[in-house]
Amino acid sequence: MIRLTIDNKEVVTEDGATILEAAARAGIRIPTLCYHEKLQPFGACRICVVEVEQMKGRLTPSCSTPATEGMVVRTSSEQIIKARKTVLELLLIQHPLDCPWCDKGGECQLQNLTYEYGVSRNRFKDKKSDHPVDYLSPLVERNTNRCVLCGMCVRVCDEVVGASEWSMVNRGISTKIATDFDRPLNCEFCGECENICPVGALTNRMFKFKARAWEVENVSTVCSFCSTGCAIKLSLKDGRIVRALGEEEGAANQGSLCIKGRFGYEYVMSGERISRPLVRKNGTLTPATWEEALQAVAEGLKAVKEQAGPGAVAGLCSARLTNEEAYLFQKLLRAVIGTNNVDNSGGYAHRGYSSGLSLPPLEFKDLQSCDRFLVIRSNVSETHPVVGYRVNVAVKQKGAQLIVADPRRIKLARFAQTYLAHKPGTEIALLNGLAHTILTEGLENREFVAARTEGIEELKKSLVQFTPSFVEQATGIAGKDLVEAARRFASGTRAAIIISAGMGFPGDDAALARCAANLALITGNAGKPGAGVLFLGEKSNSHGSVDMGAVPDLLPGPQELAKDPVRQAFAKAWGAAIAAEPGLTCEQIIAGAEQGSIKALYCAGENPLQAYPDTKKTKTAFGKLQFLVVQELFLTPTAQMAHVVLPAASFAEKDGTYTNAEGRVQRLHQALPPCGETKTDAEIFCRVAKALGKDLGSWNPAAVMAEIASLAPRYHAVSYATLTVKGHLLSDAADREAPGAEGAARFSLLPVDVIAPEAPSAEFPFTLLIGSTLFHCGTLSTRSSAICSVYPQARLEINPGDARALDIRDNDTVQVSSATGALTITAKIIARQSPGAVFIPYHFLSPAAQELASAAQLQTRVKIEKRTETSL
Amino acid sequence: MLWPLLKGLSVTLKYFFTRPVTMKYPEQRWEAGPRWRGRQQLLWDEERGREKCVACCLCATVCPAQCIRVEGAENERHEKYPAVYEIDLNRCIFCGFCVEACPVSAIIMTGAYELAEYTRDGSIYGKEELLQEPQLPKGAERSTTFSLESRLSGK
């Protein structure tokens with residue numbers, strides 16, 4: 001610790017802190033233009049100059065001068081003020097002073113400081129800067145005439161985002177911020193540069209001229225896309241959202257956002273939203289009143305229940321429903337209808353964290369203290385970009401080592417010390433190979449294994465076959481690379497394994513999670529901050545909907561349905577008997593509908609016809625349903641098949657909570673009044689129950705959460721009264737440091753089965769990877785025009801070598817066919833795609849990648865043919 | 001008893017032979033003084049072929065009666081202009097703060113003081129109306145006889 005005096009105040013600060021940080025700690029404000037706590041000190045603007053007695057009265061920039069013992073600092077004096085005024089005058093020489101129409105006006109650092117220091121006249125005169133304004137870049141507008149060259153955009157893009165799109169070009173007075181050759185932006189469009197810009201040089205095009213900063217009302221809520229759970233502020237003017245900002249206080253994101261969070265909110269105000277209930281009459285969906293629609297739902301469900309029993313009814317809900325809504329939905333099916341047939345897209349994916357993982361989740365903020373990362377089956381910087389930023393910061397600023405295993409050369413592979421390009425679908429063999437190598441080389445953490453785990457011998461036995469040569473044959477990774485990766489991983493003290501789940505990552509999540517947990521345990525990476533497994537669900541409440549029991553075999557908690565006392569407790573609380581046998585999963589529900597055993601389906605926000613594998617099969621199955629209710633924002637392909645469509649409120653129109661991937665419960669606040677006649681999902685569930693003759697209780701989210709807290713031990717301490725913008729970290733996640741204390745639970749190692757990789761066939765030589773792109777999340781983001789202006793439609797990503805062999809050029813139309821279906825799509829040749837595999841994002845309605853996939857197989861094999869003009 | 005009557009009549013007679021202080025309103029109208037704060041007018045920039053207003057919203061911000069609504073938008077030259085500029089004269093208190101706050105001198109107070117309307121909506125002036133100079137109704141004339149100068153000089 002260092003003691004120093006700032007403005008006659010004794011300040012104690014940690015070693016390595018700068019004067020600015022020490023002053024901030026003591027509550028002394030020093031003005032800055034180029035400093036940001038997320039970035040390394042830069043010392044460009046010289047606004048933060050202070051006097052240090054030991055430096056003989058010389059002015060020194062406080063942001064880049066380390067505090068030393070006994071330093072005596074003055075942050076304000078006549079000389080300092082004069083110097084700061086001069087800096088401002090110099091900055092204002094070329095500045096266009098177009099504050100009246102600059103969108104930063106009102107929250108501009110330069111404007112504030114000019115006002116604060118009373119710089120009303122400028123002693124220096126020169127021509128105003130006359131750079132052309134970049135109007136061509138989507139989403140971000142660049143007007144370098146207003147730039148103060150603080151370099152924050154350049155640094156945030158490099159140090160935090162890792163896109164390195166901006167740089168400073170030219171020298172001296174002609175220095176400016178530019179992309180290479182000054183072309184329009186072609187980057188991740190996260191808008192972090194625009195957000196961090198202290199002046200109006202980089203501005204948000206969506207916000208352009210919409211409102212002045214002081215006119216808007218900010219509502220704090222949570223982003224509705226991925227499971228990072230970024231806290232956002234929606235700025236409202238005249239009842240419309242004009243922009244989204246990252247909430248600096250947000251625990252998950254600390255003010256950062258990605259393209260989806262910053263520019264993706266538009267779907268909420270889309271003109272295509274369904275605003276009235278629709279009931280199918282004489283074969284067409286016609287607008288109806290809520291009474292009619294609810295009655296139709298009640299009659300439809302009742303009829304099926306009476307004819308074929310409650311087991312013929314099933315429910316699929318979206319992983320974007322709030323906790324309260326997911327809870328009410330499964331309660332509606334279990335307590336009112338009497339079936340356990342309830343699932344979300346978890347039936348196809350992210351079963352891992354409910355049944356596979358025995359470790360508490362990692363906290364995002366701890367990722368920055370990790371020294372090893374293993375990123376496997378996770379394009380984290382695209383699916384969960386803000387988590388990706390943290391990995392990037394740890395690697396670039398803190399020197400952590402990164403191992404990336406992915407068939408595609410994903411963004412993180414650029415910074416990785418080890419990149420393993422394995423064959424698609426062989427992650428389990430790879431993880432087991434790593435574990436085997438660590439155990440045979442004796443690199444495991446013996447102390448930890450002996451004290452805190454059990455079953456190591458069984459694990460060793462089951463891993464015997466995963467020798468480097470076996471793994472090489474299975475995954476295509478050379479034995480020496482595997483050994484190197486294993487050594488690298490085992491040499492760390494805090495290692496994080498990052499895995500993603502969701503519709504973009506089909507596969508056996510539970511087994512994968514188990515293998516990852518094994519690897520973390522044998523290396524002692526559990527029970528301390530920044531060590532463990534991070535399992536990232538796809539959607540905003542993927543984790544919460546499992547916790548809320550919107551899955552066939554779990555009750556809220558999540559607690560096992562199979563256990564009698566658990567079931568009895570819920571039966572008592574709900575006043576209804578709960579069936580003991582687990583319900584059907586997504587796949588089984590669709591299969592059941594096809595075979596006729598499922599006759600009625602309630603889809604709450606889920607869009608299986610666009611998001612689930614094997615569209616054709618799903619469509620036939622849904623065609624056979626006697627009754628289909630769809631509760632949606634848009635008239636999706638699923639809604640178009642429905643008998644009744646109930647219009648639901650979007651995330652901006654309701655209160656509630658989401659649980660993110662680190663187990664943090666965060667609060668949504670209503671920003672907009674409901675669109676048209678829409679109602680929140682919670683209210684609709686309660687009204688449907690009432691129409692069925694049962695009472696689900698209040699739909700007030702706070703009251704529902706109180707009920708959840710009383711029934712689910714994990715949510716015991718969650719209460720609306722105490723939820724702040726930082727959210728509430730669920731108890732088992734908060735207790736991650738507890739194991740090791742006396743009486744702590746011992747982790748158990750689970751033996752692992754061999755999963756043989758599938759062999760490619762001659763007919764279908766390519767492996768199809770269906771996944772998410774950086775720009776979209778699920779199918780909802782395709783309704784946001786800003787995002788679509790950057791990524792309007794799906795393209796087939798293919799390796800240059802494969803493309804050459806097939807005589808495919810960029811933007812050629814190709815026909816892709818699998819055993820299940822076929823589609824035509826534009827090709828994009830991209831070097832990061834591994835040979836023998838092609839990639840199609842699944843978000844879009846057309847071409848819909850899921851038409852090619854099959855639910856029965858983990859891997860989809862396809863053939864690709866070039867479409868010539870004549871065949872078109 | 002007669003004396004007070006004559007005294008009163010003398011006043012009457014004095015005014016009988018001076019020029020009248022009233023005028024034939026509405027055929028004749030008072031000319032408002034140069035500092036008169038009547039309804040606002042938005043100015044047109046001939047040189048650039050657009051309204052002077054840049055939709056900075058400072059007028060709307062400073063307005064104590066909150067009667068100004070501005071919606072900015074981008075024109076084809078990428079400039080900011082007011083797509084909507086409304087003043088609700090029902091609420092306006094004619095304080096002139098909007099004129100004072102305007103950084104580009106795009107708004108002035110005019111001499112128009114006859115602002116009565118048959119409906120409340122009629123008193124909400126849009127951008128097109130505000131860009132027009134206030135006009136006298138047909139057939140009406142501004143009184144020169146009753147101009148400000150003549151009032152001040154008392155002739």
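At 28% relative accessibility, A:Asp655 comes out as partly exposed, a class lying between buried (under 20% relative accessible area) and exposed (over 50%), with a 1.4 Å probe and protein chains only. A:Arg667, with a relative accessible area of 19%, is buried. The side chains of these residues, A:Arg667 and A:Asp655, meet in a salt bridge, 3.4 Å from N to O. A:Arg667 sits in strand β29 (residues 664-668) of chain A and A:Asp655 in the loop between β27 (644-647) and β28 (656-659), so the pair ties together parts 12 residues apart in sequence. A salt bridge here is a side-chain nitrogen of Lys or Arg within 4 Å of a carboxyl oxygen of Asp or Glu; strands (E, at least two residues) and helices (H or I, at least four) are DSSP runs numbered from the N terminus.

This is a predicted model, in which local features need pLDDT of at least 70, side-chain atom pairs count only at pLDDT 80 or more, and totals for chains, interfaces and linings use all residues. Residues are numbered from 1 along each chain as its sequence is written, chains are lettered from A and ligands numbered from 1 in the order in which they are written, and side-chain values use heavy atoms, with hydrogens and water left out.

Chain A has a mean pLDDT (the predictor's confidence in each residue, from 0 to 100) of 90, and 94% of its residues reach 70 or more. Over residues 733-745 of chain A, though, pLDDT stays under 50.

Another chain A salt bridge pairs A:Lys866 with A:Asp807 at 3.9 Å, N to O. With A:Lys866 in strand β37 (residues 860-866) and A:Asp807 in the loop between α28 (800-805) and β34 (813-818) of chain A, this pair ties together parts 59 residues apart in sequence. A:Lys866 is partly exposed at 31%, and A:Asp807 counts as partly exposed at 44% relative accessibility.

Over in chain B, the secondary structure comes to five helices and nine strands, and 35% of the 155 residues count as buried. B:Arg69 and B:Glu86 form a salt bridge, their closest N and O atoms being 3.6 Å apart.

Note on methods:
Contact = heavy atoms within 4.5 Å.
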